[in-house]
Amino acid sequence: MATVDQDRLVDWAAFAQARSQLGANFVRILGYFHEDGVKSVARIEEAMRAGNAAALVLPAHTLKGEAHQFGAEPLADCAAAIEDIARHCVEHRYEPSEALKHVVELRPLFEATLALLEREANPLVERRPAFGRRPAV
């Protein structure tokens with residue numbers, strides 16, 4: 001995660017759009033992202049330890065899609081890289097060692113991103129002004 005600036009972990013415009021589109025379901029769906037993400041990261045790590053490229057594909061694909069929905073583009077990109085490498089390895093019958101650097105980055109990236117998303121979704125947290133707007137005086 002050292003290569004990703006914390007300020008760039010979430011595309012806040014995409015996050016706001018998801019929040020608007022999901023309405024009252026937003027917090028529940030963010031909760032599903034939390035639960036599914038924890039499971040996906042664990043499955044990816046387990047598959048990597050086992051050298052099982054096929055077992056990397058589905059959890060990486062799931063995490064990629066869910067991260068993208070909330071504007072978590074660096075997380076989605078990391079999961080996409082794992083998925084792409086795993087698919088290539090399945091097709092060519094290689095072990096997924098090339099995915100290791102992405103798998104190592106995945107958990108800290110997921111945890112940092114999730115913390116930001118949940119903090120922003122918390123109704124008790126003071127909101128920062130929208131991009132390009134100045135706070136009311």
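The structure is a predicted model, in which local features need pLDDT of at least 70 and side-chain atom pairs count only at pLDDT 80 or more, while totals for chains, interfaces and linings use all residues. Residues are numbered from 1 along each chain as its sequence is written, and side-chain values use heavy atoms, with hydrogens and water left out.

The protein has five helices and zero strands, and its elements run α-α-α-α-α from the N terminus on. Here helices (H or I, at least four residues) and strands (E, at least two) are DSSP runs, numbered from the N terminus. Of the 137 residues in the protein, 38% are buried; buried means under 20% relative accessible area, exposed over 50%, and partly exposed in between (1.4 Å probe, protein chains only). Among contacts (heavy atoms within 4.5 Å), those with a separation of 6 or more come to 71% from residues 24 or more positions apart. The protein exposes about 8,500 Å², and carbon and sulfur atoms supply 53% of this area, as computed by the Shrake-Rupley method with a 1.4 Å probe, where for residues only the protein chains shown count as cover.

Helix α2 (residues 26–50) meets helix α3 (residues 53–69), and their axes come within 9 Å and cross at roughly 150°. Axes are lines fitted to C-alpha atoms, for helices over the stretch in contact, and angles run from 0 to 180 degrees between N-to-C directions. From α2, the contact includes Ile29, Phe33, Ile44 and Met48, and from α3 it includes Leu56, Pro59 and Leu63. The residues of this α2–α3 contact divide into 13 nonpolar, four polar and three charged. In this grouping, Ala, Val, Leu, Ile, Met, Phe, Trp, Tyr, Cys and Pro count as nonpolar, Asp, Glu, Lys and Arg as charged, and the others, Gly among them, as polar.

Valine 38 also belongs to α2, and counts as partly exposed at 39% relative accessibility. Its C-alpha atom is separated by 8.4 Å from that of phenylalanine 110, 72 residues apart along the chain.

Arginine 93 lies in the loop between α4 (73–92) and α5 (100–121). Phi of arginine 93 is near 60°, a positive value in a residue other than glycine. With a relative accessible area of 79%, arginine 93 is exposed.
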